[in-house]
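This briefing covers the sheet, the helix packing and a few single residues of one model. Please keep the sequence and the coordinates open while reading.

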Amino acid sequence: MPLTVLLVDDEPLVRAGLRAVLEAQPDIEVVGEAADGAAVTPLVRRLRPDVVAMDVRMPLMDGIEATRAVLRTVPDPPKIVVVTTFENDEYVYGALRAGADGFLLKRARPAEIVQAVRLVAEGDSLLFPAAVRRLAASYGEHRGASAARAVMARAALTGREEEVLRLMAGGLSNAEIAARLVVGTETVKSHVSSVLAKLGARDRTQAVIAAYESGFVSPG
């Protein structure tokens with residue numbers, strides 16, 4: 001089965017460019033397009049894409065609100081990648097905190113676009129971890145730090161789970177974490193699932209943001 005993608009951007013040329021890049025891959029299919037975030041939820045319900053590539057800034061409903069709407073109302077929601085012009089953008093961090101799984105720069109090379117969509121769909125590693133660290137350093141301490149600290153305290157992670165979370169925040173994939181800890185990949189997947197459950201995080205991106213905002217991991 002191909003990996004299915006919904007494109008959401010108010011610029012037709014951006015949508016056309018992303019479609020051309022993604023549909024050049026034999027295993028990726030663009031199943032729909034939208035020009036504003038307000039159209040996303042109905043399209044997701046109808047088309048059931050695996051990934052939504054969504055502009056973070058749109059005139060009627062931006063990518064932050066559209067992300068919240070999808071995650072709040074759609075059962076088994078798709079992965080969401082916000083598309084942006086500037087990576088060090090408070091809107092991008094807001095979208096990640098709202099539940100987006102990663103972000104993609106509009107100026108990214110075709111190979112980077114394809115890799116980003118595949119990485120987010122797989123969910124086994126953090127997309128652009130260095131950029132997430134920079135965003136956390138710029139905006140994290142001003143966004144719900146006390147709540148994140150409370151969540152981290154309630155989670156009561158084990159020593160091994162803390163180790164796994166730190167490696168996740170460093171951008172390591174499950175396979176890389178397994179090699180670092182000299183354990184099996186299935187064991188790492190089990191630890192990651194436990195960390196997400198204890199933190200109440202939708203995915204590893206949300207867990208890493210909580211780790212940074214709480215001070216458990218330093219963004220420096």
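The points below start with conventions and then go from the sheet to the helices and to single residues.

This is a predicted model, in which local features need pLDDT of at least 70, side-chain atom pairs count only at pLDDT 80 or more, and totals for chains, interfaces and linings use all residues. Residues are numbered from 1 along each chain as its sequence is written, and side-chain values use heavy atoms, with hydrogens and water left out. Helices (H or I, at least four residues) and strands (E, at least two) are DSSP runs, numbered from the N terminus.

- Five strands make up an open sheet with parallel pairing, in the order 2-1-3-4-5; two strands count as paired if DSSP finds at least two bridges between them.
- The edges are strand 2 (28-34) and strand 5 (102-105), each with a single partner strand, so one side of each has no neighbour in the sheet.
- From one strand to the next, the twist averages 25°; angles run from 0 to 180 degrees between N-to-C directions, and axes are lines fitted to C-alpha atoms, for helices over the stretch in contact.
- Strands of a sheet pair through backbone hydrogen bonds, either parallel or antiparallel.

**Strand pairs**

- Strand 1 and strand 2 run parallel and are joined by six bridges, with Leu3 opposite Ile28 of strand 2.
- Strand 1 (residues 3-8) is also parallel to strand 3, through four bridges.
- Within that pairing, Leu6 has Val52 of strand 3 as its bridge partner, and Leu7 stands opposite Ala53.
- Five bridges connect strand 3 with strand 4 in the parallel sense, where Met54 faces Val82 of strand 4 as its opposite residue.
- Strand 4 (residues 79-84) pairs with strand 5 over four bridges, again in the parallel sense, and Val81 is opposite Gly102 of strand 5.

**Burial of the strands**

- Buried means under 20% relative accessible area, exposed over 50%, and partly exposed in between (1.4 Å probe, protein chains only).
- In strand 1, six of the six residues are buried, so the strand is largely enclosed by the rest of the structure.
- Leu3, Val5 and Leu7 lie on one side of strand 1 and Thr4, Leu6 and Val8 on the other, all of them buried.
- Strand 3 is mostly covered, as five of its five residues are buried: Val51, Ala53 and Asp55 on one side, Val52 and Met54 on the other.
- In strand 5, Gly102 and Leu104 point one way, Phe103 and Leu105 point the other way, and all are buried.

**Helix packing**

- Helix 1 (residues 12-23) lies across strand 1 and strand 2, at about 165° to strand 2.
- The axes of helix 4 (residues 90-98) and helix 11 (residues 204-214) come within 9 Å and cross at roughly 115°.
- Helix 4 is therefore roughly perpendicular to helix 11; angles under 35 degrees count as roughly parallel, over 145 as roughly antiparallel, 65 to 115 as roughly perpendicular and the rest as oblique.
- Tyr93, Leu96 and Arg97 of helix 4 make this contact (heavy atoms within 4.5 Å) with Thr205, Gln206, Ile209 and Glu213 of helix 11.

- Asp55 is in strand 3 and is buried, at 3% relative accessible area.
- Not counting residues up to four places away in sequence, Asp55 touches Val8, Asp9, Asp10, Gly63, Val83 and Lys106.
- Met61 sits in the loop between strand 3 (51-55) and helix 3 (63-73) and is partly exposed at 26% relative accessibility.
- Met61 and Gly37 are 24 residues apart in sequence, yet their C-alpha atoms are 4.8 Å apart in space.
- With residues up to four places away in sequence left out, Met61 touches Asp36, Gly37, Ala38 and Ala66.

**Positive phi**

- Most residues other than glycine have a negative phi.
- Arg48, in the loop between helix 2 (40-47) and strand 3, has a positive phi near 50° and is partly exposed at 38%.
- Val182, in the loop between helix 9 (174-181) and helix 10 (185-199), has a positive phi near 55° and is exposed at 71%.
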